[in-house]
There are 2 protein chains.
Amino acid sequence: MTGPQLHLNLFIHDTGHHEASWRLPGADPLSHVDVGYFEELARIAEGAGFDSVFLADSPVLWGDPGRRPSGRLEPTLLLAALARATSRIGLSATASTSYNEPYNLARRLASLDHLSGGRAGWNIVTTAGDEAARNFGLDAQPAHAERYRRAAEFVDVSRKLWDSWADDAIVADKARGVHTDPGRVFPVDHLGEHSSVAGPLNVPRSPQGHPLLVQAGSSEDGKEFAARYADAVFTAQPTLEEGQAFYADVKKRAADLGRDPESVKILPGIVPVLGETEDEARALDAELDRLIVPDYAVDQLARQLRVPPERLVLDEPLPAELPGEDEIEGAKSRYTLIVTLARRENLTVRQLIGRLGGGRGHRTFTGTPLQVADTIEHWFTSGAADGFNVMPAVLPAGLRSFVDTVLPILRSRGLFRTGYETSTLRGHYGLARPGASAIPSRDGDARRPRAVSP
Amino acid sequence: MTGPQLHLNLFIHDTGHHEASWRLPGADPLSHVDVGYFEELARIAEGAGFDSVFLADSPVLWGDPGRRPSGRLEPTLLLAALARATSRIGLSATASTSYNEPYNLARRLASLDHLSGGRAGWNIVTTAGDEAARNFGLDAQPAHAERYRRAAEFVDVSRKLWDSWADDAIVADKARGVHTDPGRVFPVDHLGEHSSVAGPLNVPRSPQGHPLLVQAGSSEDGKEFAARYADAVFTAQPTLEEGQAFYADVKKRAADLGRDPESVKILPGIVPVLGETEDEARALDAELDRLIVPDYAVDQLARQLRVPPERLVLDEPLPAELPGEDEIEGAKSRYTLIVTLARRENLTVRQLIGRLGGGRGHRTFTGTPLQVADTIEHWFTSGAADGFNVMPAVLPAGLRSFVDTVLPILRSRGLFRTGYETSTLRGHYGLARPGASAIPSRDGDARRPRAVSP
């Protein structure tokens, strides 16, 4: 290979990222609970050399059940199934730090890394919204900053747990009857503000050491968190200039923390809507937007903006008076993105709904394969992206057309791999395997593992 | 088929249930983290028509890491992978009610049921031991009775969550733009002593409605719990007489609670150790026992009996003075089983260790295929078992010999299926699919789902 290579993640979302994609004639409205459908998508992406597939998640029934497929298979289980249908592509999922226990989640992620031979990734989210909190014994969500403090501690504990087995702990000495060297398995003895965890983890160290860590919030707290912890960042950037500013900001924050900026990969979301001609692409876009049911979308927008639905009028702009981001305890960066988009382009509520229905504020690239490839290259070479989070408006059709028409152009320009050169997700992203830094040397003061009664 | 049929579950445990099985020449000491190994076992069991495979679990690193393979892949993820390597066999795993959140676990189990096309089972455990508690912010385990109260509430909430989607909730009306009928998805609004959960679940109702519910504790609390909730009971019964008493006890308790006793299947554990001749079987047994390292076993026994290890002398009987079961807050029924076995047969500590090392107190059947088949039939026809939890001392060899030599005898007697007649785990066990009893009719007072902001 010559020169820097794009990294591509396929963000799988039911019948496609466009909210009305399930209404198209070919769409299977039960695909969201059909593991065979996800296997097909993962195999297409693997055949094309994508770095990874990704599944979003939230521990709550999200959105209006009438609007689009809702409820989904728990993603770490779904990825375990996909691990056996694929052999090289990375497998990432969202999991919440607010509504999981570190011991359980760190263990599931290490297990996924074993099951997949080193292809697990974790999108770390704090989970916005009071509705999720109410599934876990709380009346309302913890405050934004509080959720991020818990997330930081959660990741710290998880890393200790992943490091609680030395890579060489299993000695398998049949003659002496020693399976695992007890001096190479360590308690973590974490005692923090949000959790206390004795350890060690109950699964040996996994192929990647740690799963790939992904982060997707773009608030101040989110960017700081990304700079500190993330190997990859998913982000919604509507314009090149905003993309460049975000990219420079996160890379600088990482450098300020002593990290190599190259070790944090920035992947803006793109929603490719492709046609052989520009007109054909625009027609598909218009057909999808025509299928949006405005009532659902207005209700959702009103909830996102924290205003009563009756204040949003379809053919008028957003109300002049809206809460500021600092009043929002939920998804701060999503809120700001929506308001900025509407104000900048002076969109009516109906127009805004169309823009959000396609990619929820991510950059929609509507055009010919050549136009889309040119835009991708432009973002990549002008400091806005290390790669992209590909969010087809319609699945699997939009993935197939992206793979069949855009990728060959990118490959001919030497920007994207023709095949896998590595076998782990960290390998695909060009990232090192974390050492078990907390583990003392064999000659050092090795801690004894805790005896555990059965 | 004629007459009642045996139900057989394969309890998969690393290289076999005998603690020294990993030391045999053919054993792979890394099989416990090798999904391909589990796939092979599941395929053998499915080829033989077993009702299900089962994976035990505990959210703690259990036992001495030197002694045998320790740490394991999280079982709901492992079963998700096995779901795709098989098509008919049931897939059951242990999960703790003390160290999970109902919303998360109910969702994983429903997801496994979708992924497997209706083959998920859940062995409900409360998790004994302070060591597990210390991975979850507690200094010590909650008391035995308290753990069982939480377990009961946990199962109640889980059932409400599994019923929070009507079977016909998804209408997929593309023309009107209504994916799911919002009037057929319900909050659960559970507010209890141990949890409050708003609901609805974020996954549509699964093929079985509820996963098969399994229970394996044999204390008073455990039997009462089994009678109330369990579809199947795994139990350690060392003698036929004890097996008959346990069987009659649980069936009566179920009847007293208004349940059909036939709807609770009792499966004692058996550890088959097979040889073409009795001598050959005994030689295999002795070889395995010779490979046990006494130090590990004495330490474990001392922890189980809550005595200092120095009070256990290898060639002497157990000390006369031991705590009573009512002083044990951990695994009460396991404690009593061990003490009863040692006292009844006047075993030395060394002999007791040999018996426990093979099957941890489960009934070891050492003999020819005919002898083992006769014993199975005898237990089955004399009111001690509806089937068996098969725990081969050595895997996969002990499974293969059981399948190749014992099952043909049982089939020739009309006691075991020659092939699957149903496609779900409940179907294999002859159990009904639970109705969504909490769901009001379409004409009734259907509750509206909670609106959820994204």
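**Exercise 1. Work out how strand S9 (residues 212-215) of chain B joins S10(B), and where the side chains of S10(B) point.**

Start with the pairing: S9(B) and S10(B) run parallel, joined by 2 bridges. Strands pair here if DSSP finds at least two bridges between them. Strands themselves (E, at least two residues) and helices (H or I, at least four) are DSSP runs, numbered from the N terminus. Next, pick out a bridge: Val214(B) has Ala232(B) in S10(B) as its partner. Now look at the faces. In a regular strand, side chains alternate between the two faces of the sheet. Ala232(B) and Phe234(B) point one way, Val233(B) and Thr235(B) the other, and all are buried. Buried means under 20% relative accessible area, exposed over 50%, partly exposed in between (1.4 Å probe, protein chains only).

A quick word on the ground rules: this is a predicted model, where local features need pLDDT of at least 70 and side-chain atom pairs count only at pLDDT 80 or more, while totals for chains, interfaces and linings use all residues. Residues are numbered from 1 along each chain as its sequence is written, chains are lettered from A and ligands numbered from 1 in the order in which they are written, and side-chain values use heavy atoms, leaving out hydrogens and water.

**Exercise 2. Decide how enclosed strand S11 (residues 265-274) of chain A is.**

Count first: 10 of the 10 residues are buried, so S11(A) is largely enclosed by the rest of the structure. Then check the faces: one side includes Leu267(A) and Val271(A), the other includes Ile266(A) and Ile270(A), and both sides are covered. Finally, find the neighbour: strand S10 (residues 232-235) of chain A pairs with S11(A) in the parallel sense over 4 bridges, with Phe234(A) opposite Leu267(A).

**Exercise 3. Explain what the salt bridge between Glu220(B) and Arg253(B) ties together.**

Check the distance: the side chains meet at 2.9 Å, N to O. The rule asks for a side-chain nitrogen of Lys or Arg within 4 Å of a carboxyl oxygen of Asp or Glu. Arg253(B) is buried, at 15% relative accessible area.

**Exercise 4. Find a salt bridge between the chains.**

Chain B and chain A share 4 salt bridges in total.
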